[in-house]
Each structure stands twice: as structure tokens, then as C-alpha cells.
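Colleague: I am new to this one. Could you show it to me and let me ask how you know what you say?
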Amino acid sequence: MPEDLAEIYRSTYRSLVRFLYRKVWDAERAEDLAQEAFARALVHKPENARGWLFVVAANMARDEARKAARERRHLTLLKSEPDAVHSEPEDRIDADAKRARVRTALDQLTPRDREALLLWDAGMSYDEIAIQTGLARGAIGTTLARARRRLVEAYDSGSEGQHVARG
Amino acid sequence: MSHVDDGTLHAYLDGELTPVERARLEAHVAECAACENRLDEERALIERASGLLGLAQPPERAAPPLHELRRPSVVWRLRVPVAWAATVLLALGLGYYAGDRTSMSVAPEQVAMYSADSSAAQEARPNDRLGLRATPPPLGYSSPRAQAPAPTRPLAWTERKEGERQPTALESAAVVTGRDSILFGTAAASGVISIRTRDTGAANAVPAPAPAAPPPTARAALPQRALEEVDVRTRNATLQREEARRTLVATEWPIIRRGPARQILGAEPMGVPGLAVRNIRRSPSGEIVMVEQAIDSVTVIQLFQQRVESDNYRGRSFAADSLRSATAPTERLARFIGGVRVEIAGPLSADSLNRLLEQVKPIGP
């Protein structure tokens, strides 16, 4: 089992970080959570470690998101001054803006569609996604088709809106 | 074959169709221009969606080796087993000892941690064997650990008042059990905790608080019962012994000034240069001086010092001796400086203590 987990760690760690990152939107936090998930797997030695890891990671990310939402509410109440003006390179701003737009677009998907899409992108098979999400295996293709279309549409409409706003 | 739906097209492009399904789809697309176009469109959609997700990538950083991953926090790993163990052991210990108060013998590793004062029952009890004082310590006294800002176990007698009932002993003991379980993990989990109550012979199961439960919760859950003694037995009791020894010494040994200490030793009291001296104390018999020095806010070392030519020096560990077998004698590091034998004790490894002991020298005024 430890050997298996070592292999899974090699093949899945980055995917798990990516999966978590698109939930918590903080790279270091995503790495922390991924490592915590693997550390727990070392203790629990689950049978289907890969699936187990994603379930644990998703739960941790959900807890994290709730906590972040609470903190945001507090911050909103406390915040009275505008943000300091950043002097970051243009491409960095551009990348950040695109990432923010992707995030906004992902937020517009239904939770189930988003989960299926992120799991697929993390390298999970249809069978694994079906187990994780509780969807029928035959419904995964349709779910992914809808999720992808909605993501692209939401992203494009978001950027159009932004251009309009800028113009 | 009718036209192919989006889901099947995506499953095909994702490589998730069975060979039979795939062959059927390919045969249809070869004959259906509309579906062929849609296949191209969906392929482009998948690439686009994948590209968008690629914009939201965390920076690539090397993964730490698996074996170096920090383990889940101790609290996370132990919270459930510890809560259960504490509850069961406490209940078992209560039931066992409440039914047979007189049968308890003092095992070498046994540590007496708390004593409720109060009246005749106290005097009638052979409390000397446990090295417990018959009278409460001065009001407001608290041990060095209790003074420290970091969270440490509460001492039962820090708030004790003359003639007051002593429910706090039981409360604090229960809290200590919870805390120790977290701090010391297996050591406490493998221990046996027993509590004897004074009023009846009946077994009284007391629920132990969950490790995270704050003292008020424990207070509410515990019966307000005066407590005779709380004993902690454990196979791996070094830490508890250390704590108990310090607590006993702290309450029995009066604080003295440097002058009287110099008189006892016939030399300046010893200490580790550079460390703050918390207190200088003397043993009840007045022959041993103990200097407490703080390494940090929660770590205090103790240096037991005695004149070698003293009649009472019998060439053995007087630090352990001073506890009158209340704790198991542990090997202590000692050295002679001039005419004074200095022993060191503290919650550090033998190696660290040894290194500190090497630095010990007379501390001037």
C-alpha cells in the first residue's frame, strides 16, 4: 500500500493541487491541502486511494471556501479604503485578469457540472467521475459537454462585458 | 443510426467510448456530414475549454517527498481515540478505586498529583507516603508553569483558599487528563487514571471532557465532589513524573533569597549563565537549594544543589529523594562544582540537560 501511494503521489499530486487550486484559488493553500490529503491517506491507507484523495480534497476545499466566505464578509465590513495601487508588469496583470475571468466563468457552472469538469481536467476517467459525483456513467459525457460549453460562453460573455465596461 | 448526441461526441473525443460504440459512431460520422461538422465543433469546444482551464493553473512547484509530508495534526489524529480512552479509563479507574479505597498501594511509578486539603480526613490519611503537604500552599501561589503565558495545565491549588471545598481539584485533574492526552499522545493514552472520592464508596463514573472542551464545559459536566487524591499511573510516565515532581517541589519548597541560599551551600548558588533565574528555593529540611531557570516561557530547568560535606548527603540523588518515593527515582545528571553537588532536571533530553549542566557555574549577585 505505501508503494502504491507513493506511485499515486507521483502521478496525482500535481493534478490534485490543480483541482484544489480551482476551488480555493490560492496556490500555496492548494498545495497545503493536497499534502494534508496525502498525509491523511498515509494514516488511513484507503483502498481506492486516488478517489479517496479527491473526495477528501473536495471536502477540505469546501470547508476552506466556507471559511473564506466568512472572512470575506468580515473584510467587506471592515474595508473602507480603496486598494493600494499596484505597479505590476502588464503581462502579469493580463494573466491575473484572465485567471479571474476563468474563475468567474467557473462560478457560473452548476456545482455538479463544475465538479465533473474539474475532475476530468485532473485526469479522472468517466468511471471515476461517476463514482465521485454520483452521476450515471452514461451521463458524464453530456455533463462534460454542457460544462465545457457553459464555461466557454461564460468566459466570452465576461470578457465582452469587461471590454464594454472599459470602453 | 440517428444523429449522435453531444454527450456521446464528447465521450468519443475523450476516449471514453467502448470499442463497439466507437466503431458505430465512426461509421455514422463517415456518412453524416452534419455529425461530422458537429464533431469538429465539439473538438474545438473541448480544446477551448481545456485552454481556459489552463489559464487558471497554479504555479508549478516540485512536490515534497511523500515521507516528508507533515503528518495530519496530532489533534486530528488523536481526537477521537483520545476522547474515548480518557473517558473509559477515567470511568474504569473511578469504579475500581471507589469500591476499594484502602487497597491502593503506592507503586514506584505512581505519581500523586493533587490533594484536596480539608480537615480530619486529611489528617487521618497517611499522606506522607505521597509527599503531599498537609496544609495548602500560600494563597495565590502558582508554579512557574502556571505563570507562563503559554497554555499549560492549570494547577488545582492555584486558586485554593483556606477552608474552601475543593471541587477544582477534580475539575483540573479532568482537564489535565484531556490536555495531557493531546500533548503527550500515547504516553497518556497508555496510562491509567484513577480518582478516589471521599464521600461514598460507590462507583462514580465521571465523563472525561473531550480534548478540545474548554474547562467550563468540564466544570459543568463534573460533579461537585470533594476529592481525596488523583493518581496517575502510566507505563511511560516520564513527562507526568517530571511535572508532578516540579509541582510538588514548587509547593513544598519555600522561595528564599540568595543570601540564605549562600549560607546553605557555603558558596554562591549555581546556575546556567545567561538564563533568567525564576526562583531560588530550599528543601523543607533546609539542606538543598534549588535554582529554577527559564529557558523559554514554558520550559523551566531546575538545579538542585547541596554541600557535599553536609551530613545529610548520602551520595544519592537527592532530587529524587526529596520526593520521598512519590515518584520513581529517575537517573539524574549531576556534577560537582567546588564543594557543591549540582543535579539538573527539566523537560529536556538528557543530552540537552547534560550540555546545560556543563555550563553551570556560580551565579553572582
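Colleague: How do you know how far to trust chain B?
Modeller: pLDDT is the predictor's confidence in each residue, from 0 to 100. The mean for chain B is 65, and 47% of its residues reach 70 or more. Over residues 102–237 of chain B, pLDDT is below 50, although that stretch has 235 contacts in the model beyond near neighbours in sequence. Residues 320–330 of chain B also stay under 50, with 26 contacts beyond four places in sequence. Where pLDDT is low, the predicted coordinates should not be read in detail.

Colleague: What makes up chain B?
Modeller: Chain B has 13 helices and 10 strands. Of its 365 residues, 36% are buried.

Colleague: Which strands form the open sheet, and in what order?
Modeller: Five strands of chain B do, in the order S5-S6-S7-S9-S8, with antiparallel pairing. From one strand to the next, the twist averages 25°.

Colleague: Why are S5 and S8 of chain B said to stand at the edges?
Modeller: S5 (276–282) and S8 of chain B each have a single partner strand, so one side of each lacks a neighbour in the sheet.

Colleague: How do you know that S9(B) pairs with S7 of chain B?
Modeller: Two strands pair if there are at least two bridges between them. S7 (residues 300–307) and S9(B) have six bridges, in the antiparallel sense, so the pairing holds. Arg307(B) stands opposite Val340(B), and Gln306(B) has Arg341(B) as its bridge partner.

Colleague: What joins S8 of chain B to S9(B)?
Modeller: S8 (residues 333–337) pairs with S9(B) over five bridges, again in the antiparallel sense. Here Arg335(B) stands opposite Val342(B). The two strands form a hairpin with two residues between them, and Gly338(B) in the turn has a positive phi of about 60°.

Colleague: Why is S9 of chain B called largely enclosed?
Modeller: A residue is buried if 20 or more other C-beta atoms lie within 10 Å of its own. Six of the six residues of S9 (residues 340–345) are buried, so the rest of the structure largely encloses this strand. Val340(B), Val342(B) and Ile344(B) point one way, while Arg341(B), Glu343(B) and Ala345(B) point the other way.

Colleague: Which helices lie against the sheet?
Modeller: H11 (residues 258–265) of chain B lies across S5, S6 (289–294), S7 and S9, running at about 60° to S5(B). H13 (residues 350–359) of chain B packs on the sheet and touches S7, S8 and S9. Its direction makes about 10° with that of S8(B).

Colleague: What makes up the contact between the chains?
Modeller: Chain A gives 33 residues and chain B gives 27 residues. On chain A, H1 (2–24), H2 (27–44), H4 (90–107) and H7 (140–166) each supply at least two residues of the side that touches chain B. That side of chain A divides into 18 nonpolar, four polar and 11 charged residues.

Colleague: How do H5 and H6 of chain A meet?
Modeller: The axes of H5 (residues 111–121) and H6 (residues 126–133) of chain A come within 10 Å and cross at roughly 140°. The crossing is right-handed. Among the residues that meet are Leu119(A) and Trp120(A) in H5(A) and Ile129(A) in H6(A).

Methods. Residues numbered from 1 in each chain as written. Chains lettered and ligands numbered in written order. Predicted model: local features only at pLDDT ≥ 70, side-chain atom pairs only at ≥ 80, totals over all residues. Contact = placed C-beta atoms within 7 Å. Buried ≥ 20, exposed ≤ 12 C-beta atoms within 10 Å, placed from the backbone. Helix = DSSP H or I, 4+ residues; strand = E, 2+ residues; numbered from the N terminus. Nonpolar A, V, L, I, M, F, W, Y, C, P; charged D, E, K, R; others polar. Axes fitted to C-alpha atoms, helices over the stretch in contact; angles between N-to-C directions. Left-handed = near helix turned anticlockwise from the far one by under 90°.
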